[in-house]
Amino acid sequence: MIIGVIGLGKMGLQIARKLAAAKFKIVGYDPNSASLAADEVASFTLATTMAELAQQVDLVWLMVPAGDIVDTCIFEITPHLRPGALVVDGGNSLYKDSVRRASALEAKGLHFLDCGTSGGTHGLEHGFSLMVGGDATAFKTATPIFKILAAPHGFGHVGPAGAGHFVKMVHNGIEYAMLQAYSEGFHILREGPYKELDLAAISNIWQNGSVVRSWLLSLAQETFEKDQQLTTVSGFIDENKTGRWTLETAEECNIPTPAIKASLDTRTWSRQTGGNFATKVIAVLRNAFGGHAVKKKD
């Protein structure tokens, strides 16, 4: 199987390199590929256009931002794909868009899988968590790829078209709330009655045996070992669309989600005010797991 990867950003490049290391033939495309280091793309071929890529491959993995750009990519590659080719959207698309895209591609004799992809910038080393929606036969075809990309036991077919991105959307809503809870806790520790608490040491204690241990807590420990005050970091927190979509979907289903809503409200407040120590914690953790930009303090 020859695989095309469109979008060689933080995670797309890792996917291409991980598959190339497993001896798959990879063709990559990114409009900014000239800025990539030579050693990063040495293991696979670069196409000059999406059409050129589509003509060579059996499967296209899209790793581009959600929205119109996904439709643009599909529009450009569809006329050049072989009959029966498979398109995988590994980005954070809205699940309703994935249902529409699957139907449109199926009508043209092509297959589509929506793959929620978690693991951030650490996926190359540790493997990704992959939540896949779409046709079961297409999933079976792509299973050898998912096995290479995923952490042990870290992938599965979760349902029909759209289900993969739906599950990833909810996953991200949970992530927002978890980050909010950790950040508020560390804010209390830092500015409560005990002013000299060692946040790195406390994180380490919690990470060993406590009920709140997690990868996020491990990243917090690493962060506090470098700088407990976060004096150079702004409390401005950006957000992607998945947290907001989770809240909107919950409201459509009349499901209360006060923790997720509070996390989104806090992010909005942080962009208006510059935030506080808690929002600084969220900002640096987002950078640690996903490479999201952190604003420096003025």
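Aspartate 71 is partly exposed, with a relative accessible area of 25% (buried is under 20% relative accessible area, exposed over 50% and partly exposed in between, with a 1.4 Å probe and protein chains only). The model is a predicted one, in which local features need pLDDT of at least 70 and side-chain atom pairs count only at pLDDT 80 or more, while totals for chains, interfaces and linings use all residues. Residues are numbered from 1 along each chain as its sequence is written, and side-chain values use heavy atoms, with hydrogens and water left out.

The whole structure holds ten of them. In one, the side chain of aspartate 71 meets that of arginine 100, at 3.2 Å from N to O. This pair ties together distant parts of the chain, since arginine 100 sits in helix α4 and aspartate 71 in helix α3, 29 residues apart. Helices (H or I, at least four residues) and strands (E, at least two) are DSSP runs, numbered from the N terminus.

Arginine 100, partly exposed at 40% relative accessibility, also forms a salt bridge with aspartate 97, at 3.4 Å from N to O. Here the two residues are three apart in helix α4, so about one helical turn separates them. Aspartate 97 counts as partly exposed too, at 22% relative accessibility. Elsewhere, arginine 190 and glutamate 191 pair up at 3.0 Å, N to O; arginine 190 is partly exposed at 26%, and glutamate 191 is partly exposed at 44%. Through shared partners, salt bridges join Asp71, Asp89, Asp97, Arg100 and Arg101 into one network.

Now for the sheet. Eight strands make up an open sheet with mixed pairing, in the order β3-β2-β1-β4-β5-β6-β7-β8 (two strands pair if DSSP finds at least two bridges between them). At the edges stand β3 (45-46) and β8 (150-159), each with a single partner strand, so one side of each has no neighbour in the sheet. Helix α3 packs on the sheet and touches β1 (2-6), β4, β5 and β6, and its direction makes about 160° with that of β4. Contact means heavy atoms within 4.5 Å; axes are lines fitted to C-alpha atoms, for helices over the stretch in contact, with angles running from 0 to 180 degrees between N-to-C directions.

Strand β5 (residues 86-89) is covered on both faces: Leu86 and Val88 on one side are buried, as are Val87 and Asp89 on the other. Strand β4 (residues 59-62) runs parallel to β5, and four bridges join the two. Leucine 59 has leucine 86 as its bridge partner in β5. Between β4 and β5 the chain passes through helix α3 (residues 68-77), in a β-α-β crossover that is right-handed (with the strands pointing away from the viewer, the path from the first strand over the helix to the second runs clockwise).

Four bridges also join β5 to strand β6 (residues 111-118), and these two strands run parallel. Leucine 86 stands opposite histidine 111 in β6. The chain gets from β5 to β6 by way of helix α4 (residues 95-106), and this β-α-β crossover is right-handed.

Note on methods:
Salt bridge = Lys/Arg side-chain N within 4 Å of Asp/Glu carboxyl O.
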